[in-house]
Amino acid sequence: MDELIIHGGRPLRGTIVLSGSKNATLPILMASVLTAEPVMLSNVPRLGDVRTALALLGTLGVEHEWLGEHELRLCAARILSHEAPYDLVKTMRASFVVLGPLLARARKARVATPGGCAIGARPVNLHVSGVRALGARIQLRHGYFEARAERLTGARIWLDSPSVGATENIMMAGALARGRTVIENAAREPEVCDLAAMLTAMGAQIYGAGTHVIEIEGVERLHGAQHRIIADRIEAGSMMAAAAITGGEVSISNAPVEQLEAVIAKLKEAGVEISSENGGLRVAARGQLRPVELRTLPYPGFPTDLQAQMMALLARARGTSVINETVFENRFMHAPELCRMGADILVKGATAIVRGVAQLSGAQVMATDLRASMGLVLAGLAAENETQVSRVYHLDRGYEALERKLAAVGAQIERLKDDSAE
Ligand code: UD1
(Lines give C-alpha, C1' and ligand atoms only; values in the text may rest on other atoms or scores of the structure.)
Protein backbone atom coordinates (compact mmCIF):
# COMPACT_ATOMS: atom_id res chain seq x y z
CA MET A 1 0.00 0.00 0.00
CA ASP A 2 1.28 3.47 -0.90
CA GLU A 3 2.32 5.93 1.82
CA LEU A 4 2.63 9.69 1.93
CA ILE A 5 5.78 11.13 3.43
CA ILE A 6 5.39 14.69 4.66
CA HIS A 7 8.03 17.03 6.04
CA GLY A 8 6.03 19.61 7.93
CA GLY A 9 6.53 23.22 8.89
CA ARG A 10 6.39 24.91 5.47
CA PRO A 11 3.78 27.65 5.04
CA LEU A 12 1.75 27.00 1.89
CA ARG A 13 1.74 29.82 -0.65
CA GLY A 14 0.16 29.97 -4.09
CA THR A 15 -3.03 29.14 -5.92
CA ILE A 16 -5.07 25.96 -5.84
CA VAL A 17 -7.73 24.98 -8.38
CA LEU A 18 -10.42 22.66 -7.05
CA SER A 19 -11.49 19.49 -8.81
CA GLY A 20 -15.09 18.54 -9.52
CA SER A 21 -17.12 17.41 -6.53
CA LYS A 22 -16.85 13.72 -5.71
CA ASN A 23 -20.20 13.62 -3.95
CA ALA A 24 -21.94 15.33 -6.85
CA THR A 25 -20.28 13.10 -9.45
CA LEU A 26 -21.24 9.73 -7.95
CA PRO A 27 -25.07 10.08 -8.07
CA ILE A 28 -24.82 11.90 -11.42
CA LEU A 29 -22.96 8.90 -12.84
CA MET A 30 -25.78 6.68 -11.57
CA ALA A 31 -28.31 8.98 -13.29
CA SER A 32 -26.92 7.81 -16.65
CA VAL A 33 -28.91 4.58 -16.10
CA LEU A 34 -32.15 6.55 -16.48
CA THR A 35 -31.81 7.09 -20.23
CA ALA A 36 -30.87 5.06 -23.30
CA GLU A 37 -29.26 8.16 -24.83
CA PRO A 38 -25.67 9.30 -24.20
CA VAL A 39 -24.86 11.76 -21.42
CA MET A 40 -21.78 13.97 -21.46
CA LEU A 41 -20.18 15.12 -18.24
CA SER A 42 -17.37 17.60 -17.74
CA ASN A 43 -15.24 18.52 -14.70
CA VAL A 44 -15.39 14.86 -13.58
CA PRO A 45 -12.66 14.22 -10.98
CA ARG A 46 -10.33 11.24 -11.61
CA LEU A 47 -10.76 9.44 -8.30
CA GLY A 48 -10.89 5.95 -6.87
CA ASP A 49 -14.61 6.29 -6.14
CA VAL A 50 -15.33 7.40 -9.70
CA ARG A 51 -13.50 4.31 -10.99
CA THR A 52 -15.60 2.14 -8.66
CA ALA A 53 -18.82 3.79 -9.88
CA LEU A 54 -17.81 3.24 -13.52
CA ALA A 55 -17.00 -0.40 -12.75
CA LEU A 56 -20.45 -0.82 -11.22
CA LEU A 57 -22.12 0.85 -14.20
CA GLY A 58 -20.08 -1.40 -16.50
CA THR A 59 -21.52 -4.52 -14.87
CA LEU A 60 -25.01 -3.13 -15.63
CA GLY A 61 -24.14 -2.62 -19.29
CA VAL A 62 -23.48 1.14 -19.18
CA GLU A 63 -20.61 2.01 -21.49
CA HIS A 64 -18.26 4.88 -20.82
CA GLU A 65 -15.48 6.66 -22.63
CA TRP A 66 -13.11 9.37 -21.38
CA LEU A 67 -13.08 12.11 -24.00
CA GLY A 68 -10.53 14.22 -22.15
CA GLU A 69 -8.87 14.31 -18.73
CA HIS A 70 -12.17 15.26 -17.07
CA GLU A 71 -14.77 14.71 -19.81
CA LEU A 72 -16.78 11.57 -19.78
CA ARG A 73 -19.39 10.12 -22.11
CA LEU A 74 -21.74 7.46 -20.75
CA CYS A 75 -24.38 5.49 -22.57
CA ALA A 76 -26.85 3.03 -21.08
CA ALA A 77 -28.35 2.01 -24.45
CA ARG A 78 -29.32 -1.34 -22.95
CA ILE A 79 -29.39 -2.49 -19.35
CA LEU A 80 -27.76 -5.93 -19.37
CA SER A 81 -27.87 -6.68 -15.66
CA HIS A 82 -29.90 -5.27 -12.77
CA GLU A 83 -27.53 -6.35 -10.02
CA ALA A 84 -25.14 -4.19 -7.98
CA PRO A 85 -22.73 -6.80 -6.58
CA TYR A 86 -21.58 -6.84 -2.97
CA ASP A 87 -17.88 -6.29 -3.68
CA LEU A 88 -18.60 -2.95 -5.38
CA VAL A 89 -21.23 -1.77 -2.88
CA LYS A 90 -19.05 -2.57 0.12
CA THR A 91 -16.09 -0.77 -1.48
CA MET A 92 -18.21 2.32 -1.97
CA ARG A 93 -21.52 2.84 -0.18
CA ALA A 94 -22.64 5.46 -2.69
CA SER A 95 -23.19 2.51 -5.06
CA PHE A 96 -26.48 1.99 -3.24
CA VAL A 97 -27.81 5.07 -5.01
CA VAL A 98 -28.10 2.96 -8.17
CA LEU A 99 -31.22 1.35 -6.68
CA GLY A 100 -33.63 4.14 -7.67
CA PRO A 101 -32.43 4.63 -11.27
CA LEU A 102 -32.23 0.89 -11.94
CA LEU A 103 -35.70 0.28 -10.60
CA ALA A 104 -37.13 3.20 -12.58
CA ARG A 105 -35.53 2.16 -15.87
CA ALA A 106 -35.29 -1.66 -15.69
CA ARG A 107 -38.29 -2.20 -13.38
CA LYS A 108 -36.18 -4.43 -11.18
CA ALA A 109 -33.01 -4.13 -9.15
CA ARG A 110 -30.89 -6.35 -6.94
CA VAL A 111 -28.55 -4.24 -4.84
CA ALA A 112 -26.26 -5.55 -2.10
CA THR A 113 -26.70 -4.06 1.38
CA PRO A 114 -23.63 -2.02 2.19
CA GLY A 115 -23.32 -3.09 5.85
CA GLY A 116 -21.63 -0.92 8.48
CA CYS A 117 -18.63 1.28 7.89
CA ALA A 118 -15.78 2.86 9.79
CA ILE A 119 -17.72 6.00 10.72
CA GLY A 120 -21.01 4.47 11.80
CA ALA A 121 -23.81 1.99 11.15
CA ARG A 122 -25.07 3.97 8.15
CA PRO A 123 -28.37 2.18 7.58
CA VAL A 124 -30.26 2.41 4.26
CA ASN A 125 -33.77 2.20 5.72
CA LEU A 126 -34.77 5.60 4.31
CA HIS A 127 -33.71 4.60 0.78
CA VAL A 128 -35.70 1.38 1.07
CA SER A 129 -38.85 2.87 2.58
CA GLY A 130 -38.68 5.63 -0.04
CA VAL A 131 -38.77 3.33 -3.07
CA ARG A 132 -41.36 1.15 -1.31
CA ALA A 133 -43.58 4.23 -0.94
CA LEU A 134 -43.27 4.67 -4.72
CA GLY A 135 -44.82 1.24 -5.16
CA ALA A 136 -41.78 -1.05 -5.37
CA ARG A 137 -41.99 -4.49 -3.81
CA ILE A 138 -38.70 -4.79 -2.00
CA GLN A 139 -37.28 -7.42 0.30
CA LEU A 140 -33.94 -8.32 1.79
CA ARG A 141 -32.69 -11.76 0.74
CA HIS A 142 -29.20 -13.21 1.08
CA GLY A 143 -27.65 -9.81 1.73
CA TYR A 144 -29.31 -8.15 -1.25
CA PHE A 145 -32.31 -5.87 -1.55
CA GLU A 146 -34.43 -7.29 -4.34
CA ALA A 147 -36.88 -4.81 -5.75
CA ARG A 148 -39.50 -4.92 -8.49
CA ALA A 149 -42.12 -2.52 -9.76
CA GLU A 150 -44.13 -2.20 -12.93
CA ARG A 151 -44.08 1.56 -13.17
CA LEU A 152 -43.32 3.46 -9.99
CA THR A 153 -46.07 5.79 -8.77
CA GLY A 154 -45.44 9.18 -7.19
CA ALA A 155 -45.98 9.53 -3.44
CA ARG A 156 -45.42 11.89 -0.52
CA ILE A 157 -42.36 10.79 1.44
CA TRP A 158 -41.20 12.18 4.76
CA LEU A 159 -37.54 11.47 5.59
CA ASP A 160 -36.89 10.94 9.31
CA SER A 161 -33.51 12.56 8.76
CA PRO A 162 -32.42 14.56 5.71
CA SER A 163 -30.31 11.78 4.20
CA VAL A 164 -28.33 12.88 1.15
CA GLY A 165 -28.25 9.43 -0.45
CA ALA A 166 -31.94 8.68 0.23
CA THR A 167 -32.97 12.06 -1.22
CA GLU A 168 -30.94 11.32 -4.36
CA ASN A 169 -32.25 7.77 -4.71
CA ILE A 170 -35.88 8.86 -4.38
CA MET A 171 -35.38 11.85 -6.69
CA MET A 172 -34.06 9.57 -9.45
CA ALA A 173 -36.78 6.95 -8.92
CA GLY A 174 -39.46 9.66 -8.89
CA ALA A 175 -38.18 11.23 -12.11
CA LEU A 176 -39.69 8.39 -14.17
CA ALA A 177 -42.63 7.61 -11.86
CA ARG A 178 -46.28 8.16 -12.74
CA GLY A 179 -47.48 11.39 -11.10
CA ARG A 180 -45.98 13.60 -8.42
CA THR A 181 -43.43 12.65 -5.76
CA VAL A 182 -42.87 14.99 -2.84
CA ILE A 183 -39.83 14.51 -0.58
CA GLU A 184 -40.27 16.27 2.74
CA ASN A 185 -37.33 16.92 5.05
CA ALA A 186 -35.13 16.44 2.00
CA ALA A 187 -31.35 16.95 2.13
CA ARG A 188 -30.38 20.46 1.00
CA GLU A 189 -26.75 19.73 0.08
CA PRO A 190 -25.37 21.44 -3.05
CA GLU A 191 -24.65 17.98 -4.47
CA VAL A 192 -28.40 17.22 -4.37
CA CYS A 193 -28.94 20.45 -6.33
CA ASP A 194 -26.31 19.42 -8.86
CA LEU A 195 -28.04 16.08 -9.38
CA ALA A 196 -31.36 17.93 -9.80
CA ALA A 197 -29.70 20.16 -12.43
CA MET A 198 -28.46 17.09 -14.29
CA LEU A 199 -31.87 15.38 -14.15
CA THR A 200 -33.55 18.59 -15.31
CA ALA A 201 -31.15 18.73 -18.26
CA MET A 202 -32.28 15.16 -19.03
CA GLY A 203 -35.91 16.30 -19.14
CA ALA A 204 -36.99 15.64 -15.55
CA GLN A 205 -39.32 18.06 -13.78
CA ILE A 206 -37.88 18.78 -10.37
CA TYR A 207 -38.70 21.76 -8.15
CA GLY A 208 -37.35 22.86 -4.79
CA ALA A 209 -33.90 21.21 -4.78
CA GLY A 210 -31.88 23.02 -2.13
CA THR A 211 -34.95 23.40 0.12
CA HIS A 212 -36.57 20.99 2.59
CA VAL A 213 -39.31 20.04 0.12
CA ILE A 214 -38.49 18.65 -3.32
CA GLU A 215 -41.28 17.99 -5.81
CA ILE A 216 -40.80 15.72 -8.78
CA GLU A 217 -43.39 15.52 -11.54
CA GLY A 218 -42.69 12.15 -13.17
CA VAL A 219 -42.16 12.00 -16.94
CA GLU A 220 -42.46 9.08 -19.41
CA ARG A 221 -38.84 9.17 -20.46
CA LEU A 222 -35.59 11.05 -20.01
CA HIS A 223 -33.12 11.93 -22.74
CA GLY A 224 -29.39 12.52 -23.10
CA ALA A 225 -27.82 15.67 -21.67
CA GLN A 226 -24.62 17.58 -21.04
CA HIS A 227 -23.65 18.68 -17.57
CA ARG A 228 -20.69 20.27 -15.81
CA ILE A 229 -20.02 18.99 -12.26
CA ILE A 230 -19.75 21.65 -9.52
CA ALA A 231 -16.46 22.31 -7.70
CA ASP A 232 -15.72 20.24 -4.60
CA ARG A 233 -16.59 22.24 -1.48
CA ILE A 234 -15.02 19.61 0.77
CA GLU A 235 -11.73 19.84 -1.10
CA ALA A 236 -12.07 23.62 -0.74
CA GLY A 237 -12.48 23.38 3.04
CA SER A 238 -9.59 20.90 3.27
CA MET A 239 -7.29 23.25 1.36
CA MET A 240 -8.41 26.24 3.44
CA ALA A 241 -7.46 24.27 6.54
CA ALA A 242 -4.10 23.37 4.93
CA ALA A 243 -3.33 27.05 4.34
CA ALA A 244 -4.37 27.91 7.90
CA ILE A 245 -2.56 25.12 9.75
CA THR A 246 0.74 25.97 8.05
CA GLY A 247 0.41 29.71 8.65
CA GLY A 248 0.41 30.21 4.89
CA GLU A 249 -1.51 32.24 2.36
CA VAL A 250 -3.38 30.46 -0.42
CA SER A 251 -5.86 31.47 -3.09
CA ILE A 252 -8.52 28.98 -4.12
CA SER A 253 -9.48 30.36 -7.49
CA ASN A 254 -12.77 28.49 -8.02
CA ALA A 255 -13.99 28.11 -4.42
CA PRO A 256 -17.81 27.86 -4.24
CA VAL A 257 -17.99 30.66 -1.68
CA GLU A 258 -21.76 30.57 -1.12
CA GLN A 259 -21.58 26.84 -0.23
CA LEU A 260 -18.87 27.42 2.37
CA GLU A 261 -20.57 29.91 4.68
CA ALA A 262 -20.50 27.74 7.81
CA VAL A 263 -16.88 26.76 7.15
CA ILE A 264 -15.77 30.33 6.51
CA ALA A 265 -17.56 31.51 9.68
CA LYS A 266 -15.80 28.91 11.87
CA LEU A 267 -12.38 29.47 10.32
CA LYS A 268 -12.76 33.23 10.83
CA GLU A 269 -13.77 32.63 14.44
CA ALA A 270 -10.55 30.64 14.80
CA GLY A 271 -8.60 33.67 13.58
CA VAL A 272 -8.07 32.69 9.94
CA GLU A 273 -8.23 35.62 7.49
CA ILE A 274 -10.54 34.91 4.57
CA SER A 275 -11.48 37.28 1.78
CA SER A 276 -13.25 36.99 -1.57
CA GLU A 277 -11.02 37.29 -4.57
CA ASN A 278 -12.00 37.17 -8.27
CA GLY A 279 -14.81 34.70 -7.76
CA GLY A 280 -12.74 32.59 -5.34
CA LEU A 281 -11.20 32.91 -1.89
CA ARG A 282 -7.94 34.00 -0.33
CA VAL A 283 -7.04 32.32 2.96
CA ALA A 284 -4.25 33.47 5.26
CA ALA A 285 -3.23 32.71 8.82
CA ARG A 286 -0.81 34.76 10.88
CA GLY A 287 0.00 34.07 14.50
CA GLN A 288 -1.83 31.78 16.89
CA LEU A 289 -5.25 30.31 16.10
CA ARG A 290 -8.11 30.66 18.57
CA PRO A 291 -10.24 27.77 19.90
CA VAL A 292 -13.85 27.38 18.74
CA GLU A 293 -16.96 25.37 19.54
CA LEU A 294 -18.19 23.43 16.56
CA ARG A 295 -21.14 21.16 15.78
CA THR A 296 -21.47 19.18 12.56
CA LEU A 297 -24.88 19.35 10.92
CA PRO A 298 -26.58 18.63 7.60
CA TYR A 299 -26.12 21.43 5.04
CA PRO A 300 -26.08 24.39 5.43
CA GLY A 301 -24.49 23.54 8.80
CA PHE A 302 -20.82 22.71 9.26
CA PRO A 303 -20.11 19.55 7.18
CA THR A 304 -19.18 16.33 8.93
CA ASP A 305 -16.81 15.73 6.00
CA LEU A 306 -14.62 18.60 7.30
CA GLN A 307 -14.70 17.67 10.96
CA ALA A 308 -11.40 15.71 10.96
CA GLN A 309 -9.60 18.53 9.12
CA MET A 310 -10.96 21.09 11.60
CA MET A 311 -9.87 18.91 14.50
CA ALA A 312 -6.31 18.86 13.16
CA LEU A 313 -6.37 22.65 12.88
CA LEU A 314 -7.78 23.18 16.36
CA ALA A 315 -5.19 20.81 17.81
CA ARG A 316 -2.78 23.74 17.40
CA ALA A 317 -5.06 26.57 18.58
CA ARG A 318 -4.31 28.47 21.81
CA GLY A 319 -6.97 27.11 24.16
CA THR A 320 -9.64 24.42 24.31
CA SER A 321 -12.08 23.68 21.49
CA VAL A 322 -15.18 21.51 21.65
CA ILE A 323 -16.34 19.51 18.62
CA ASN A 324 -19.73 17.86 18.60
CA GLU A 325 -20.34 15.29 15.83
CA THR A 326 -24.08 14.94 15.26
CA VAL A 327 -24.23 13.29 11.81
CA PHE A 328 -22.27 10.04 12.27
CA GLU A 329 -21.90 8.15 15.54
CA ASN A 330 -18.31 6.97 15.24
CA ARG A 331 -16.43 9.64 13.39
CA PHE A 332 -13.52 10.40 15.70
CA MET A 333 -11.17 7.60 14.62
CA HIS A 334 -8.57 10.21 13.67
CA ALA A 335 -8.37 11.54 17.25
CA PRO A 336 -6.10 8.78 18.65
CA GLU A 337 -3.84 9.12 15.59
CA LEU A 338 -3.61 12.90 16.08
CA CYS A 339 -2.71 12.22 19.73
CA ARG A 340 0.18 10.07 18.48
CA MET A 341 1.42 13.28 16.87
CA GLY A 342 1.28 15.14 20.17
CA ALA A 343 -2.29 16.47 20.06
CA ASP A 344 -4.29 16.58 23.29
CA ILE A 345 -7.78 15.31 22.47
CA LEU A 346 -10.32 13.69 24.73
CA VAL A 347 -13.28 11.94 23.12
CA LYS A 348 -16.46 11.36 25.12
CA GLY A 349 -19.29 9.93 23.06
CA ALA A 350 -20.16 12.39 20.30
CA THR A 351 -17.96 15.14 21.76
CA ALA A 352 -14.25 15.77 21.37
CA ILE A 353 -12.42 18.18 23.66
CA VAL A 354 -9.37 19.50 21.86
CA ARG A 355 -6.77 21.27 23.99
CA GLY A 356 -4.44 23.13 21.69
CA VAL A 357 -0.73 22.33 21.86
CA ALA A 358 2.17 24.53 20.78
CA GLN A 359 3.62 21.97 18.37
CA LEU A 360 2.72 18.69 16.71
CA SER A 361 5.43 16.16 16.00
CA GLY A 362 5.71 13.93 12.96
CA ALA A 363 4.87 10.25 13.37
CA GLN A 364 3.73 7.16 11.51
CA VAL A 365 -0.06 7.31 11.35
CA MET A 366 -2.86 5.55 9.55
CA ALA A 367 -6.49 6.36 9.05
CA THR A 368 -9.71 4.48 8.65
CA ASP A 369 -11.54 6.72 6.23
CA LEU A 370 -11.13 9.37 3.61
CA ARG A 371 -11.63 12.57 5.60
CA ALA A 372 -9.80 11.22 8.66
CA SER A 373 -6.79 10.63 6.40
CA MET A 374 -6.95 14.26 5.28
CA GLY A 375 -6.93 15.38 8.92
CA LEU A 376 -3.68 13.46 9.38
CA VAL A 377 -2.15 14.95 6.23
CA LEU A 378 -2.97 18.43 7.57
CA ALA A 379 -1.39 17.63 10.92
CA GLY A 380 1.67 16.34 9.05
CA LEU A 381 1.94 19.60 7.09
CA ALA A 382 2.21 21.51 10.36
CA ALA A 383 4.21 19.00 12.43
CA GLU A 384 7.94 19.08 12.96
CA ASN A 385 9.95 16.39 11.20
CA GLU A 386 8.54 13.57 9.17
CA THR A 387 5.01 12.18 9.10
CA GLN A 388 4.17 8.96 7.28
CA VAL A 389 0.51 8.51 6.41
CA SER A 390 -0.31 4.97 5.41
CA ARG A 391 -3.43 3.59 3.70
CA VAL A 392 -3.30 6.34 1.10
CA TYR A 393 -5.98 4.51 -0.87
CA HIS A 394 -8.51 6.24 1.39
CA LEU A 395 -7.26 9.62 0.13
CA ASP A 396 -7.16 8.40 -3.46
CA ARG A 397 -10.87 7.60 -3.22
CA GLY A 398 -11.79 11.24 -2.82
CA TYR A 399 -8.95 13.70 -3.47
CA GLU A 400 -7.63 14.18 -6.98
CA ALA A 401 -3.85 14.68 -7.31
CA LEU A 402 -3.61 15.61 -3.63
CA GLU A 403 0.14 15.50 -3.21
CA ARG A 404 0.70 17.25 -6.55
CA LYS A 405 -1.64 20.10 -5.58
CA LEU A 406 -0.10 20.49 -2.13
CA ALA A 407 3.48 20.28 -3.46
CA ALA A 408 2.65 22.99 -6.02
CA VAL A 409 1.94 25.42 -3.16
CA GLY A 410 5.11 24.54 -1.29
CA ALA A 411 4.36 21.46 0.79
CA GLN A 412 7.11 18.90 1.06
CA ILE A 413 5.08 15.79 0.40
CA GLU A 414 5.76 12.73 -1.66
CA ARG A 415 4.24 9.36 -2.33
CA LEU A 416 6.12 6.22 -1.53
CA LYS A 417 4.83 3.69 -4.03
CA ASP A 418 4.28 0.16 -2.90
CA ASP A 419 5.28 -1.81 -5.99
CA SER A 420 4.47 -5.14 -4.38
CA ALA A 421 0.77 -4.53 -5.04
CA GLU A 422 1.28 -4.31 -8.82
C1 UD1 B 1 -23.32 11.63 2.08
C2 UD1 B 1 -21.91 11.91 1.59
C3 UD1 B 1 -20.91 11.79 2.74
C4 UD1 B 1 -21.34 12.71 3.89
C5 UD1 B 1 -22.80 12.47 4.27
C6 UD1 B 1 -23.31 13.45 5.29
C7 UD1 B 1 -21.99 11.13 -0.70
C8 UD1 B 1 -21.53 10.14 -1.71
N9 UD1 B 1 -21.57 10.93 0.55
O10 UD1 B 1 -23.34 10.29 2.55
O11 UD1 B 1 -19.62 12.17 2.26
O12 UD1 B 1 -20.52 12.47 5.01
O13 UD1 B 1 -23.65 12.56 3.11
O14 UD1 B 1 -23.16 14.75 4.85
O15 UD1 B 1 -22.66 12.10 -1.02
N16 UD1 B 1 -29.30 7.57 7.66
C17 UD1 B 1 -30.28 6.74 8.16
N18 UD1 B 1 -30.99 5.97 7.28
C19 UD1 B 1 -30.77 6.01 5.94
C20 UD1 B 1 -29.77 6.87 5.43
C21 UD1 B 1 -29.07 7.65 6.33
O22 UD1 B 1 -30.51 6.69 9.36
O23 UD1 B 1 -31.44 5.28 5.20
C24 UD1 B 1 -28.49 8.40 8.59
C25 UD1 B 1 -27.01 8.01 8.55
O26 UD1 B 1 -26.72 6.91 9.36
C27 UD1 B 1 -26.35 9.27 9.03
C28 UD1 B 1 -27.27 10.38 8.49
O29 UD1 B 1 -28.50 9.74 8.17
O30 UD1 B 1 -26.33 9.33 10.42
C31 UD1 B 1 -26.73 11.08 7.27
O32 UD1 B 1 -26.44 10.15 6.27
P33 UD1 B 1 -26.63 10.46 4.72
O34 UD1 B 1 -26.98 11.90 4.54
O35 UD1 B 1 -27.52 9.44 4.13
O36 UD1 B 1 -25.16 10.24 4.17
P37 UD1 B 1 -24.73 9.56 2.81
O38 UD1 B 1 -25.69 9.92 1.72
O39 UD1 B 1 -24.41 8.12 3.05
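Reader: Before anything else, what is a cavity here?
Author: A cavity is a set of grid points where a 1.4 Å probe fits but cannot get out, and its lining residues have an atom within 4 Å of a point. Bear in mind that the model is predicted.

Reader: How many cavities of 30 Å³ or more does a search of the whole structure find?
Author: The search finds 3 of them.

Reader: How much space lies in the largest cavity?
Author: About 50 Å³.

Reader: And which residues line the largest cavity?
Author: The lining is made of Gly-237, Ala-241, Val-263, Leu-267, Phe-302, Leu-306, Gln-309 and Met-310. Two or more of the lining residues come from each of α8 (233-245), α9 (261-269) and α10 (307-314).

Reader: How does that lining of the largest cavity split by class?
Author: There are 6 nonpolar residues and 2 polar ones, with no charged residues.

Reader: What about the second largest cavity, how much space is in it?
Author: About 40 Å³. Its lining consists of Arg-233, Gln-259, Leu-260, Ala-262, Val-263, Tyr-299, Pro-300, Gly-301, Pro-303 and Leu-306.

Reader: How many charged residues are in the lining of the second largest cavity?
Author: It has 1 charged residue, alongside 7 nonpolar and 2 polar.

Reader: Switching to the ligand. How many residues surround it, and which are the closest?
Author: The ligand is surrounded by 17 residues, and the closest are Asn-125, Leu-126, Ser-163, Asp-305 and Val-327. By class, that shell holds 7 nonpolar, 7 polar and 3 charged residues.

Reader: Which helix gives the most to the shell around the ligand?
Author: α5 does, with 3 residues. Both α5 (125-133) and α6 (164-175) supply at least two residues of the shell.

Reader: Where does the ligand lie relative to the domains?
Author: Domain 1 (3-19 + 231-421) and domain 2 (22-228) both give residues to the shell, so the ligand lies between them.

Reader: Why does the second largest pocket lie between domain 1 and domain 2?
Author: Because both domains give residues to the lining of the pocket.

Reader: Last one, Glu-146. Which strand is it in?
Author: Glu-146 lies in β9 (residues 144-148).

Reader: What does the side chain of Glu-146 make polar contacts with?
Author: The Glu-146 side chain contacts the side chain of Arg-110 at 2.9 Å and the side chain of Arg-141 at 3.4 Å.

Conventions. Residues numbered from 1 in each chain as written. Predicted model: local features only at pLDDT ≥ 70, side-chain atom pairs only at ≥ 80, totals over all residues. Heavy atoms only, no water. Domains from an automatic or database assignment. 1 Å grid on protein atoms, 1.4 Å probe; cavity = no way out; pocket = protein on both sides within 12 Å on 5 of 7 lines; lining within 4 Å. Points joined across faces, edges and corners; volume = space filled by probe spheres on them. Helix = DSSP H or I, 4+ residues; strand = E, 2+ residues; numbered from the N terminus. Nonpolar A, V, L, I, M, F, W, Y, C, P; charged D, E, K, R; others polar. Near = heavy atom within 4 Å. Polar contact = N/O pair within 3.5 Å; in protein donor to acceptor, adjacent residues only side chain to side chain.
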